[in-house]
Amino acid sequence: MNRSQLVGEMKKRVFEANLLLPKVGLVKLTWGNVSEINREIGAIVIKPSGVPYAEMKVEDMVVTNLEGDVVEGTMKPSSDLATHVELYKAFSKIQSVVHTHSKNAVMWAQAGRAIPAYGTTHADTFYGEVPCTRQLTNEEVEKAYEKETGKVIIETFAENKLDPLATPGVLVYGHGPFTWGETPQKAVENGIVLDEIADMASMTEVINENCQSIPDYLLDKHYFRKHGATAYYGQK
Ligand SMILES: [Zn+2]
């Protein structure tokens with residue numbers, strides 16, 4: 001495939017993944033965005049800013065270079081583009097980023113708390129707790145808010161020595177979730193899982209305020225039967 005065919009395929013995938021967000025209940029109004037990167041051809045495709053999902057068309061998807069400069073399309077890219085760009089630069093193995101304000105994940109972000117791995121539903125997708133960043137400073141918000149949002153996520157992963165492939169999502173303090181994956185579809189799925197486990201964790205703490213994270217051997221069993229060289233879950 002040549003460059004324009006590859007970009008065309010990216011636009012379709014990004015468009016469809018964006019439409020999935022309201023369909024699966026992760027997004028209301030225009031609160032969400034999906035992007036995909038192809039580093040070889042130097043392209044990022046992202047949702048246009050503020051366009052209602054019902055009116056959005058494939059050709060509205062905005063194409064930028066790896067720095068986030070628009071190279072194709074007449075619409076303005078999602079205002080969160082700079083966050084996506086920072087994540088792509090730092091996490092070289094991810095191909096798609098999703099941002100939503102899904103309610104359950106936002107509640108944990110607003111509480112400023114990482115989500116503990118209370119069960120195997122969590123461990124099937126996230127190897128350990130889902131981290132929450134620190135609060136952005138006044139200066140960071142004023143200077144380059146969206147870019148600094150990306151940087152604080154990267155800082156959180158560096159400080160906690162987290163692998164973005166094993167922890168495919170994060171909560172930004174006082175804001176909400178970002179998830180990622182190898183494809184837009186996968187990144188949206190990780191967003192769905194994150195919202196579900198956030199909901200389950202909230203209620204788990206209501207039912208038992210002394211609840212504990214699952215032991216490492218169970219976390220390992222569930223994560224590694226689905227991921228990595230020794231995975232055996234699903235069809236061959
Ligand atoms: Zn947001």
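**Close-up views of a predicted model**

A network of salt bridges links R134, E140 and E155. Keep in mind as you look through these views that the model is predicted.

**View 1**
The side chains of R134 and E155 form a salt bridge, with N and O 2.8 Å apart. R134 sits in the loop between α4 and α5, while E155 belongs to helix α5 (residues 138-159), so the pair ties together parts of the chain that are 21 residues apart in sequence. Is each partner buried, partly exposed or exposed? E155 has a relative accessible area of 26%, so E155 is partly exposed. R134 is partly exposed too, with a relative accessible area of 31%.

**View 1. A salt bridge joins E205 to R113.**
Here the closest N and O atoms of E205 and R113 are 2.8 Å apart. Which parts of the chain does this pair tie together? E205 lies in helix α6 and R113 in the loop between α3 and α4 (120-123), so parts that are 92 residues apart in sequence are tied together.

**View 2. E67 and K89 form another salt bridge.**
The side chains of E67 and K89 meet at 2.9 Å, N to O. E67 is found in the loop between β3 (62-64) and β4 (70-72), and K89 in helix α2 (residues 81-90); the pair links distant parts of the chain, 22 residues apart. K89 has a relative accessible area of 45% and is partly exposed. For the model, the count comes to 9 salt bridges.

**View 3. Three histidines hold a zinc ion.**
Which atoms coordinate the zinc ion? The NE2 atoms of H99, H101 and H175 do, at 2.0 to 2.1 Å. Along the chain, the donors follow the spacing H-x1-H-x73-H. Now compare the surroundings of two of these histidines. H99 counts as buried because its relative accessibility is 2%, whereas H101, at 33%, counts as partly exposed.

**View 4. The largest nonpolar core gathers 20 residues.**
L21, V34, V45, M56, M61, V98 and V188 are the residues with the most contacts inside this core of 20 residues. At least two residues of the core come from each of α1 (3-23), β2 (43-46) and α6 (184-207). The largest share, 7 residues, is supplied by α1. Take a moment to find L21. Leaving aside neighbours within four places in sequence, L21 is in contact with L26, V27, G32, N33, V34, Y53, V98, T100 and V188. Another core lies apart from the largest one and has 17 residues, among them I37, L81, V97 and V170.

N104, A105, V106, W108 and A109 are buried in helix α3 (residues 103-111). What do the buried residues of α3 pack against? Their partners are β6 (169-172), β7 (176-181) and α6. Just after α3, G112 takes a positive phi of about 70 degrees.

**View 5. The loop between α5 and β6 holds both T167 and K161.**
T167 has its place in this loop, and K161 lies in the loop between α5 and β6 as well. T167 is at 1% relative accessibility and so counts as buried. Not counting residues up to four places away in sequence, T167 touches F126, Y127, E129, P131, F157, L162 and W180. K161, in contrast, is exposed, with a relative accessible area of 76%. Most residues other than glycine have a negative phi. K161 is not a glycine, yet has a positive phi of about 50 degrees.

**View 6. M203, V206 and I207 make a nonpolar surface patch.**
The patch formed by these three residues covers about 340 Å². I207 is part of helix α6. With a relative accessible area of 71%, I207 is exposed, since exposed means over 50%.

Terms used
Residues are numbered from 1 along each chain as its sequence is written. This is a predicted model: local features need pLDDT of at least 70, side-chain atom pairs count only at pLDDT 80 or more; totals for chains, interfaces and linings use all residues. Side-chain values use heavy atoms; hydrogens and water are left out. Donors are N, O and S atoms within 2.8 Å of the metal (3.2 Å for Na, K and Ca); water is not among the atoms, so sites may look incomplete. Buried means under 20% relative accessible area, exposed over 50%, partly exposed in between (1.4 Å probe, protein chains only). A nonpolar core is a set of buried Ala, Val, Leu, Ile, Met, Phe, Trp, Tyr and Cys residues joined through side-chain atoms within 4.5 Å. Helices (H or I, at least four residues) and strands (E, at least two) are DSSP runs, numbered from the N terminus. Contact means heavy atoms within 4.5 Å. Patches are made of residues with over 30% relative accessible area and no salt bridge: like charges are joined within 9 Å, nonpolar side chains (Val, Leu, Ile, Met, Phe, Trp, Tyr) within 5 Å. Accessible areas come from the Shrake-Rupley method with a 1.4 Å probe; for residues, only the protein chains shown count as cover. A salt bridge is a side-chain nitrogen of Lys or Arg within 4 Å of a carboxyl oxygen of Asp or Glu.
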